[in-house]
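Please go through the briefing below with the sequence and the model side by side. The points are grouped by topic.

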Amino acid sequence: MDLAYGPEYEAFRAEVRAFIAKHGAKAPRRFGVSRPSEETQNWQRLLIEHGLTARTIPKEYGGYGAEPDILKSRIIAEEFTAAGLPMGIANQGISMLVPTLLELGTEEQKKKWIAPTLRGEVVWCQGYSEPGSGSDLASLQTKAVEDGDDFIINGQKIWTSTAHAADMIFCLVRTEPEAKKHEGISYLIFSMQTPGIEVRPLKTMTGHAEFNEVFFTDVRVPKKDIVAGRGQGWFVANATLKHERGMLGDPNQAGTRLKEITDLMHKETMDGTRLIDHPVYRDRLVALQARVFAMQFHGLRLLTAAAKGEDPGIARLIVKLQGCELNHQLAALAIDALGEIGVLYEDSPHLRAQGAWQHRYMFDLGLIIGGGTAQIQKNIISERGLGMPREPKPAKA
Amino acid sequence: MEFGLSEDQKLLQESIGRTLEKVSPLERVRQAAEEHAAYAGDVWQALAGLGVAGMLIAEEHGGMGMGLLDAALASEMLGRHVAPAPFVATAVMAPLALAGAGSKAQQAAWLPKLASGEAIAGVAVSERAAGAREGAGVAASSDRLTGTALFALDAAGADVFIVADKTGGLHLVKGDAKGLTRIALTSIDLTRPLGELRFDNVEAEPLSAGDAGAALKRMVDAGRVMLAADTLGAGWAMIEKAVAYAGERKQFGRVIGSFQAVKHMCAEMAAELEPCRSLVWYAAHAFDTMPDEASLMAAHAKALTSETGRFVARTATEVHGGMGFTDLVGLHYWFKRIGLNRQLLGSPERVRHEAAVLQGWAAD
């Protein structure tokens with residue numbers, strides 16, 4: 001155990017702080033929900049130029065080209081969080097498509113898509129889930145049929161975040177109807193402007209359209225825009241999902257929330273008494289604080305394992321389940337501490353924090369379900385982590 | 001930055017585990033419990049041979065001079081094997097009290113004996129750590145103690161006791177001191193002895209060479225981390241037993257471990273307990289190197305691991321079905337161990353209140 005970072009890293013930390021002191025004022029106030037604003041794109045370029053985002057992506061693809069160093073990445077995150085500054089753009093193009101192309105894309109695909117995606121100029125959506133294929137994703141039905149140099153796509157996707165604002169989609173389609181379900185899938189990338197694509201916003205319980213349904217009718221896509229070849233889509237998607245699950249359940253977010261709730265309970269009063277002075281609410285806060293610390297230290301443990309190239313096994317598999325649930329519990333405490341104010345919404349008077357807690361409480365439920373429901377995560381933990389037997393397949397009728 | 005164990009620490013933990021597998025299998029635990037033995041002398045001697053008794057004792061007194069993180073790793077193994085050993089008071093809390101507030105003479109008289117496993121030390125600080133129950137409390141007056149101390153740890157076979165009085169002063173009392181009555185308290189967990197000490201004008205040596213208040217705080221913090229680590233080990237043992245049982249037991253033509261209902265219980269136990277490991281490590285490391293954070297983290301580690309331990313103890317028992325409830329498989333030894341750890345040195349509500357006080361969120 002040595003929680004000190006050492007001189008090389010402290011020097012790096014000083015560089016990050018110097019950047020923040022000099023450029024912090026240029027950070028965008030609002031990121032925009034789906035399309036990065038010009039202000040955001042400028043900020044993104046500045047961060048890439050200084051190696052503060054897209055840090056390890058090769059220069060020829062528009063990144064900074066540094067050697068991977070998990071600790072430096074963490075220092076950047078720590079300093080930006082401490083300064084209350086937004087990091088670079090976090091969207092599915094950057095977090096999922098870019099690593100996938102780096103791993104499996106052709107040289108042409110890498111050259112064409114990675115740099116503009118990193119700069120926030122090209123926005124992507126992810127076409128995986130279908131109405132009948134959620135947890136059992138490999139059962140997806142959207143068809144791509146060969147026609148000369150093209151595929152012709154018909155079918156429907158659902159839960160597609162940012163589809164309404166996306167330029168491009170990375171999409172799983174069934175290209176070999178005769179193959180076994182995991183082997184007949186291909187991974188295609190194509191423009192959302194292609195004729196035959198219809199996007200319908202899907203309003204969620206938050207009252208906002210955070211997702212969409214996307215319908216494909218005779219959508220013509222060049223065959224060359226496939227990643228890693230026909231029938232390889234399941235393999236490609238798993239490489240991508242690995243990156244998605246890594247993002248969900250972030251313990252730093254829980255730390256920020258904990259601080260916000262603590263501040264809230266010190267300010268908010270009930271019958272003239274601060275919530276922090278009510279033993280029952282305070283006890284819940286302290287209990288959650290222990291869990292937040294545990295998950296943060298757990299994160300440090302995983303970070304150390306990753307830096308050493310060790311597989312931490314079950315410790316890694318539990319992060320999404322625990323992290324998402326913890327964030328949800330934190331939002332739930334804030335709502336309870338707010339009492340009846342906790343049910344107000346949208347433009348209501350008396351709202352606190354612009355209704356952020358109410359929104360988070362509902363939105364987090366989506367995160368618990370998305371990227372593999374909690375039940376799917378428990379299957380993964382029990383089967384891969386604890387070595388328990390798989391559920392037997394039902395006999396074919 | 002490195003948040004993890006060193007190779008030496010991993011090896012140490014493995015060798016303690018191997019030794020316990022050999023000297024303290026379930027049959028030995030059962031025997032010690034049935035005899036209501038104070039502790040199993042052979043188990044403690046084997047551990048002392050590895051240096052476990054003297055882990056926290058300075059080398060000049062015959063110990064290993066290690067840190068609390070090392071002791072936490074040992075404690076985890078003791079919990080894993082429900083070992084009937086006087087570890088928390090004898091190897092951790094009493095040596096810290098002596099090192100923090102004992103005189104040179106007191107240290108020289110007792111630390112080498114504790115380090116070698118030759119002497120056992122009981123610790124009676126419950127009234128200061130978990131709150132005084134009715135009738136309990138010890139008053140000190142001119143090197144004499146009068147009153148009752150409940151829930152003394154490692155009490156039954158102790159050669160010497162460290163006793164906290166009502167004001168937080170610490171005293172050393174010999175096990176055979178005149179006027180001292182020792183009453184064994186039968187608890188649900190028969191693998192570790194609890195005692196009641198009645199003092200009738202008993203001769204005591206104050207531990208006054210250092211700051212006794214600070215020493216008391218340190219020993220309670222350390223004790224809490226040890227109990228948390230013990231629960232961590234016991235909890236993981238229960239999860240592994242549940243997984244193994246679910247992989248063998250058949251119902252409806254399938255092993256029950258292939259049913260999602262059972263798999264999910266096991267996944268939930270693992271997902272809840274594993275983050276406690278990081279918190280226990282951090283709390284122990286904070287005790288060794290970050291004194292400002294030590295008490296808060298010890299309280300958090302104790303409370304969270306106790307809460308999680310209770311969940312694991314009941315769920316793992318449930319996975320075993322009726323067998324879990326019987327004496328046949330002996331699973332209850334782990335259940336009870338976790339149950340005892342939860343209440344000793346402050347139950348979750350109590351230590352969470354202390355955590356709030358430490359952060360200025362509540363009045364003392």
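Leaving aside neighbours within four places in sequence, Phe190(A) is in contact (heavy atoms within 4.5 Å) with Ile153(A), Met168(A), Ile169(A), Cys171(A), Ile197(A), Phe216(A), Val219(A) and Val221(A). This is a predicted model, in which local features need pLDDT of at least 70 and side-chain atom pairs count only at pLDDT 80 or more, while totals for chains, interfaces and linings use all residues. Residues are numbered from 1 along each chain as its sequence is written, chains are lettered from A and ligands numbered from 1 in the order in which they are written, and side-chain values use heavy atoms, with hydrogens and water left out.

- Phe190(A) belongs to strand β5 (residues 185-191) of chain A, where strands (E, at least two residues) and helices (H or I, at least four residues) are DSSP runs numbered from the N terminus.
- With a relative accessible area of 3%, Phe190(A) is buried; the classes are buried for under 20% relative accessible area, exposed for over 50% and partly exposed in between, with a 1.4 Å probe and protein chains only.
- Phe190(A) and Val221(A) stand 31 residues apart in sequence, and their C-alpha atoms are 6.6 Å apart in space.

**Nonpolar cores and a surface patch**

- The largest nonpolar core has 192 residues, and among these Phe87(B) and Val92(B) touch the most other members; such a core is a set of buried Ala, Val, Leu, Ile, Met, Phe, Trp, Tyr and Cys residues joined through side-chain atoms within 4.5 Å.
- Helix α8(B) gives the largest share of this core, with 21 residues.
- Beyond its neighbours within four places in sequence, Phe87(B) has contacts that include Trp44(B), Val52(B), Met55(B), Leu78(B), Val92(B), Asp154(B) and Met226(B).
- A second, separate core of 30 residues includes Met96(A), Trp113(A), Leu137(A) and Leu140(A).
- On the surface, Met205(A), Leu365(A) and Ile369(A) form a nonpolar patch with about 280 Å² of accessible area together; patches are made of residues with over 30% relative accessible area and no salt bridge, with nonpolar side chains (Val, Leu, Ile, Met, Phe, Trp, Tyr) joined within 5 Å and like charges within 9 Å, and accessible areas come from the Shrake-Rupley method with a 1.4 Å probe, only the protein chains shown counting as cover for residues.
- Met205(A) sits in the loop between β6 (197-202) and β7 (211-222) of chain A and is exposed, its relative accessible area being 54%.

**Salt bridges within the chains**

- Side chains of opposite charge can pair when their charged atoms come close.
- Over all chains there are 48 salt bridges, each defined by a side-chain nitrogen of Lys or Arg within 4 Å of a carboxyl oxygen of Asp or Glu.
- Glu78(A) and Arg13(A) form one of them, at 3.0 Å from N to O, and this pair links helix α3 (residues 70-82) with helix α1 (residues 7-23) of chain A across 65 residues of sequence.
- Of these two partners, Glu78(A) is partly exposed at 23% relative accessibility, whereas Arg13(A) is buried at 8%.
- In chain B, the closest N and O atoms of the salt bridge between Arg80(B) and Glu240(B) are 2.5 Å apart; Arg80(B) lies in helix α4 (residues 68-80) and Glu240(B) in helix α8 (residues 212-248), so the pair ties together parts that are 160 residues apart in sequence.
- Glu274(B) and Arg277(B) meet in a salt bridge of 2.8 Å, N to O, and both lie in helix α9 (residues 260-289) of chain B, three residues apart, about one turn of the helix.
- Both partners are buried, Glu274(B) with a relative accessible area of 3% and Arg277(B) with 13%.
- In chain A, salt bridges that share partners join Glu10(A), Arg13(A), Arg17(A), Arg74(A), Glu78(A) and Glu79(A) into one network.

**Interface of chain A and chain B**

- The contact takes 46 residues from chain A and 47 residues from chain B.
- About 4100 Å² is buried between the two chains, with carbon and sulfur atoms giving 66% of it; buried area is the accessible area (1.4 Å probe) that two parts lose on being put together, summed over both.
- Met1(A), Phe297(A) and Arg301(A) supply 18% of the area that chain A buries against chain B, more than any other three residues.
- Six salt bridges are found across this interface.

**Positive phi values**

- Asn201(B), in strand β7 (residues 194-203) of chain B, has a phi near 55°, a positive value in a residue other than glycine.
- Phe252(B) also has a phi near 55°; Phe252(B) is placed in the loop between β9 (250-251) and β10 (254-255) of chain B and is exposed at 76% relative accessibility.
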